[in-house]
Amino acid sequence: MAKKRKFYVVWEGRRRGVFTEWDECEAQIKGFAEAKYKSFDSLKEAEAALSKSYWEFITPSKAKPVLKEAPANVGKPNPESIAVDAAWNTATGDMEYQGVYVRTGQKLFHQGPFQDGTNNIGEFLAIVHGLAYLQKHQSNLPIYTDSKTAMSWIKRKHANTKLEVTPRNKALFEMLQRAEEWLSKNKFTNAIVKWETEYWGENPADFGRK
């Protein structure tokens with residue numbers, strides 16, 4: 001069955017308008033503070049929505065939560081950094097991950113989707129990919145992630161997953177092996193920092209599919 005097409009309205013972002021592809025919409029909202037957007041099933045609905053208020057289409061349960069004031073020991077995120085995140089489809093088991101430059105929201109890398117993965121594996125691979133990317137560009141920028149599990153795996157240099165190998169995810173486990181080998185053979189000074197969602201909002205690398 002063909003995937004149902006979506007149309008994306010951006011009320012507030014780098015560019016306002018109706019976009020027919022998620023990648024185009026994402027480019028307008030990623031890293032943009034207080035971005036406002038929503039998907040619709042038809043072009044007619046989307047064009048009509050653009051002329052109205054964003055809040056007419058967002059129920060209180062889906063509205064962006066009020067962020068807590070960050071305590072002094074948390075502070076604010078450093079825009080001179082990269083953020084990584086993974087997305088896992090609960091229906092298909094597919095996983096993908098990406099990294100973005102926090103200041104501009106520019107996508108630096110994207111991998112997947114991979115079959116039969118997990119979110120933790122994606123978060124781990126995203127951090128290692130980010131470290132390798134920064135090493136290649138001789139950069140000491142910090143990396144933000146919202147996964148404490150992935151951070152602990154990086155510290156151990158081992159992905160402590162309980163996922164079983166299958167013919168569908170064999171390539172993913174080969175990537176895990178390469179990532180662990182990279183960690184064992186390379187030194188890095190980049191800080192890996194927890195993204196504080198409750199104070200700062202969504203991780204800039206979030207796929208926006210919640």
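Is Asp-206 buried or exposed? I began there and found Asp-206 buried, with a relative accessible area of 8%, where buried stands for under 20% relative accessible area, exposed for over 50% and partly exposed for what lies in between (1.4 Å probe, protein chains only).

Before going on, I noted that this is a predicted model, in which local features need pLDDT of at least 70 and side-chain atom pairs count only at pLDDT 80 or more, while totals for chains, interfaces and linings use all residues. Residues are numbered from 1 along each chain as its sequence is written, and side-chain values use heavy atoms, with hydrogens and water left out.

**Annotated site**

I looked up the UniProt annotation "binding site", which comes from an unreviewed entry and covers Asp-85 and Asp-206; such positions are given in the numbering used here, with feature names shortened, and annotations may be inferred rather than shown by experiment. The two span 122 residues in sequence, yet no two of their C-alpha atoms are more than 5.7 Å apart, so they gather at one spot. Asp-85 is in strand 4 (residues 82-88) and Asp-206 in the segment after helix 6, helices (H or I, at least four residues) and strands (E, at least two) being DSSP runs numbered from the N terminus. Asp-85 counts as buried too, at 3% relative accessibility. I then listed contacts, meaning heavy atoms within 4.5 Å: leaving aside neighbours within four places in sequence, Asp-206 is in contact with Glu-26, Lys-30, Asp-85 and Gln-98.

I next searched for salt bridges (a side-chain nitrogen of Lys or Arg within 4 Å of a carboxyl oxygen of Asp or Glu), and the structure holds 5 of them. In one of these, Lys-107 meets Glu-26, with the closest N and O atoms 3.2 Å apart. Lys-107 lies in strand 6 and Glu-26 in helix 1, so the pair ties together parts that are 81 residues apart in sequence. Glu-26 is buried at 5% relative accessibility, whereas Lys-107 is partly exposed at 35%.

**Aromatic pairs**

How many aromatic pairs does a search of the whole structure find? I recorded 9 aromatic pairs, counting rings of Phe, Tyr and Trp (its six-membered ring) whose centres lie within 6.5 Å, with planes under 30 degrees apart called stacked, over 60 edge-to-face and the rest tilted. Tyr-144 and Trp-195 form an edge-to-face pair, 5.2 Å centre to centre with 90° between the planes. This pair links distant parts of the chain, with Tyr-144 in strand 7 (residues 143-145) and Trp-195 in the loop between strand 8 (192-194) and helix 6 (197-200), 51 residues apart. Both Tyr-144 and Trp-195 are buried. The rings of Trp-195 and Trp-200 have centres 5.0 Å apart and planes at 75°, so that pair is edge-to-face as well.
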